[in-house]
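Here is a friendly walk through one model, starting from a single residue and widening out from there. Keep the viewer open as you read.

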Amino acid sequence: MAAPTAVATSASTREKPRLSFWQIWNMSFGFLGIQFGFALQNSNMSRIFETMGAKTDEIAFLWLAAPITGLLVQPVIGYLSDRTWSPRWGRRRPFFFVGALLASLALVVMPNVTALWMAAGMLWILDSSINISMEPFRALVGDLLPSQQRTTGFGAQTFFIGVGAIVGSSLPWMFANWFGISNTPEPGHISLSLKYAFYVGGLVFFLAVLWTILRTKEYPPENLAEFEAEKARTAGFANGLKESFEGIFHMPKTMRQLAVVQFFSWFALFSMWIYTTQAVTSHIFHTTDTASALYNKGGDWVGVCFSVYNGLSAVVALLLPVVARATSRRFTHMLALVMGGLGLISIYFIQDYHYILLSMVGVGVAWASILSVPYAMLAGALPSNKMGYYMGVFNFFIVIPQGVAGLVLGPLTKHVFHDQPIFTLVLGGASMIIAGLLTLRVHDADDIRLPAEPEPAETLGYDALAPANPQV
């Protein structure tokens, strides 16, 4: 990977002004639509796969489409968006628009699949499109906000993630219970309530991201000539892919430590997203018949549970900066992850499905922290002119655990857990607790409670590593 240079350093040499509440609101609003799409995907894809004929031990493997696309798309999009500038469109907004358009179309097509291979293929397209929009949103916080407001910026994103997921996850249940739309399909078909939920999701995704595009102003590189020269020197998709994968070997120390935490955190989340429907319907509703009313009631309830943990995360996201200021970001994240792990494990002991909502309290706290605190710690350790690039590399440690989950959870569920996916959730809970404990070894550059600890020479000299700031 080429050594960091001082080009395109509008963020690194120019003091960023503090943004108002409404400016942060507008720049984060697009995440409402992005998470609406993710919520529909995460809470319903296993159900769609099973409806199309997938067996329990095959479902995790079918989810591999998502991490493979993320592994390729996220770092490259971050790399390319760092090297994009248009006076009219800005740096990140072109990627917002293209991703939103493609994802919205994929959401409309998804519930009309008629075969398992079609569902797997559409997941590939949908996840790629969502990542095109999502990846630059993380970098936008580093672009526009001073370090004192970054936790607030990521917290605002988490708020909209929670709000979008509340409605997105529970929308099939709403259509079935509030509007009387059928949620019991013919065998091998997707219910009308689920179809309508995906159609609404496509519309909300596009309009929410469009709001951010129209309401957010981006700033040009401070030295445009040097920026264009560097862009020409490192242009090209192949070069972006090469540098992105090489970036794993050039990560700042804080990023390496957080990567391990992310691995165990997201392995737990993927265990939950892939197997909660099967665990709840088999362990609590005692059915595996995808065409039965009882199975679809359980599937809809899982969506409600997912909306609860996402809704709680929207509230918790606003409290995390307060807790972090009183303690530290490391302790805050550790506590949240342990609560999430205990929440997942507790589902094993539940017989009345209503009590799953209590388990989701811990998961919601963990989710709020996962979506904000690691990124706030990371942003303080990154060179500003490579913010999108490193955020993309960091997302390897979201997609890699998903890939591992796709490869190992199926065989584990079938051969070790004897087709009882409830134990897969328990495994996920244990993984999240491990992630929490590992957080305590992360060096947070902005935490004044820690002694000064310089990063490796290749990352020195950027304002992100300036003297620690007491605000979190």
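Threonine 212 sits in helix α9 of this predicted model. Is threonine 212 buried or exposed? Its relative accessibility is 0%, so threonine 212 counts as buried. Setting aside residues up to four places away in sequence, threonine 212 touches Asn26, Met27, Ser28, Phe29, Gly30, Phe96 and Phe137. Among these partners, Asn26, Met27 and Ser28 belong to the contact of α2 with α9, while Phe96 is one of the α6 residues that meet α9.

Two packed helices are described by the angle between their axes and the distance between the axes. The table gives both values for each pair.

| Helix pair | Angle between axes | Distance between axes |
|---|---|---|
| α2 (residues 21-28) and α9 (residues 192-215) | about 135° | 7 Å |
| α6 (residues 93-109) and α9 | roughly 170° | within 8 Å |

Take α2 and α9 to begin with: their axes make an angle of about 135°.

For α6 and α9, the axes cross at roughly 170°. Angles over 145 degrees count as roughly antiparallel, and therefore α6 is roughly antiparallel to α9. From α6, the contact involves Arg93, Phe96, Phe97, Gly99, Ala100, Leu101, Ala103, Ser104, Leu107 and Val108. Facing them from α9 are Phe198, Tyr199, Gly201, Gly202, Phe205, Phe206, Val209, Thr212 and Ile213. How do the residues of the contact of α6 with α9 divide by type? There are 13 nonpolar, five polar and one charged.

Leaving out neighbours within four places in sequence, valine 316 is in contact with Val365 and Ala368. The C-alpha atoms of valine 316 and valine 365 are 6.3 Å apart, although 49 residues separate the pair in sequence.

Phenylalanine 263 has its place in helix α12, residues 253-283. With a relative accessible area of 23%, phenylalanine 263 is partly exposed. Beyond residues up to four places away in sequence, phenylalanine 263 touches Phe397, Ile400, Pro401 and Val404. Phenylalanine 263 and methionine 432 are 169 residues apart in sequence, with their C-alpha atoms 9.4 Å apart in space.

Histidine 286 is found in the loop between α12 and α13, and its phi is near 55°, a positive value in a residue other than glycine. At 59% relative accessibility, histidine 286 counts as exposed. Aspartate 419 also has a positive phi, about 60°, although it is not a glycine. Its loop runs between α18 (396-416) and α19 (422-439). Aspartate 419 is partly exposed, with a relative accessible area of 41%.

Now for the whole protein. Of its 472 residues, 61% are buried. Among contacts with a separation of 6 or more, 83% join residues 24 or more positions apart. The protein exposes about 17,200 Å², and carbon and sulfur atoms supply 69% of that area.

Finally, a word on confidence. The mean pLDDT of the protein is 80, and 82% of its residues reach 70 or more. Over residues 1-13 the pLDDT stays under 50, and the model has 33 contacts beyond four places in sequence for this stretch. Residues 451-472 also have pLDDT below 50, with 47 contacts in the model beyond near neighbours in sequence. Where pLDDT is low, the predicted coordinates should not be read in detail.

Notes:
Residues numbered from 1 in each chain as written. Predicted model: local features only at pLDDT ≥ 70, side-chain atom pairs only at ≥ 80, totals over all residues. Heavy atoms only, no water. Axes fitted to C-alpha atoms, helices over the stretch in contact; angles between N-to-C directions. Helix = DSSP H or I, 4+ residues; strand = E, 2+ residues; numbered from the N terminus. Contact = heavy atoms within 4.5 Å. Buried < 20%, exposed > 50% of the residue type's maximum accessible area, 1.4 Å probe, protein only. Areas by Shrake-Rupley, 256 points an atom, 1.4 Å probe, with all protein chains shown as cover. pLDDT = per-residue confidence, 0-100. Parallel < 35°, antiparallel > 145°, perpendicular 65-115°, else oblique. Nonpolar A, V, L, I, M, F, W, Y, C, P; charged D, E, K, R; others polar.
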